Amino acid sequence: MEGVSRGDVVLAAAAGDYGKPRPWLVVQTDQYNHAARPGSILACPFTTHGEAATYRVSMDLPSGDSQRRSWVMVDKLMAIRRERVGAKITTASRQQIAAVEHAMAELLGLRAPD
């Protein structure tokens with residue numbers, strides 16, 4: 001795995017319930033992503049099931065020659081060992097990152113809801 005940056009969507013297989021290979025959005029700050037010996041990254045998994053909710057942010061991901069509607073599961077934030085992280089799929093836009101940050105702040109109680 002090459003270096004990852006905040007906002008990258010990568011293919012990874014986490015341990016436990018979310019262990020099947022799936023896209024993950026890297027949410028960890030680049031200060032730690034590019035550190036000399038980081039052992040893991042903080043990321044949120046994607047799902048193609050369900051619908052947008054308070055802690056789910058919609059994002060279209062590349063799927064063959066088209067796009068597939070997916071949702072970032074902000075409520076499933078997880079640390080993933082770097083050796084379980086594979087190829088970069090795409091990079092989220094600034095607007096998509098802002099929506100994920102907003103949902104994460106609400107989930108973690110870091111600011112009052114709008």
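## Pocket, helix and an exposed glycine

Mentor: The largest pocket has a volume of about 290 Å³. Keep in mind that this is a predicted model.

Trainee: Which residues are the closest to the centre of the largest pocket?

Mentor: Pro23, Thr47, Thr48, Arg68 and Ser70. They belong to a lining of 14 residues.

Trainee: And which elements give two or more residues to that lining?

Mentor: Four strands do: S2 (22-26), S3 (40-47), S4 (56-63) and S5 (66-73).

Trainee: Switching to helix H2. What should its 15 residues span?

Mentor: Helix H2 covers residues 94-108. At 1.5 Å a residue, it should span 21 Å. Its end C-alpha atoms are 21 Å apart, so the two values agree.

Trainee: Which residues of H2 are buried?

Mentor: Ile97, Val100, Ala103, Met104, Ala105 and Glu106.

Trainee: What do those buried residues pack against?

Mentor: Strands S2, S3, S4 and S5. Those strands also give residues to the lining of the largest pocket.

Trainee: What follows H2?

Mentor: Gly109. Its phi is positive, near 70 degrees.

Trainee: New topic: Gly3. Where does it lie?

Mentor: In the segment before strand S1 (8-12).

Trainee: Is Gly3 buried or exposed?

Mentor: Exposed. Gly3 has a relative accessible area of 63%, and the cut-off for exposed is over 50%.

Trainee: How far apart are Gly3 and Arg82 in space?

Mentor: They are 9.5 Å apart, C-alpha to C-alpha. In sequence, Gly3 and Arg82 are 79 residues apart.

Note on methods:
Residues are numbered from 1 along each chain as its sequence is written. This is a predicted model: local features need pLDDT of at least 70, side-chain atom pairs count only at pLDDT 80 or more; totals for chains, interfaces and linings use all residues. Side-chain values use heavy atoms; hydrogens and water are left out. On a 1 Å grid over the protein atoms alone, a cavity is a set of points where a 1.4 Å probe fits but cannot get out, and a pocket is an open set with protein on both sides within 12 Å along at least five of seven lines; lining residues have an atom within 4 Å of a point. Grid points are joined across faces, edges and corners, and a volume is the space filled by probe spheres set on the points. The expected span of a helix is 1.5 Å times one less than its number of residues. Buried means under 20% relative accessible area, exposed over 50%, partly exposed in between (1.4 Å probe, protein chains only). Contact means heavy atoms within 4.5 Å.
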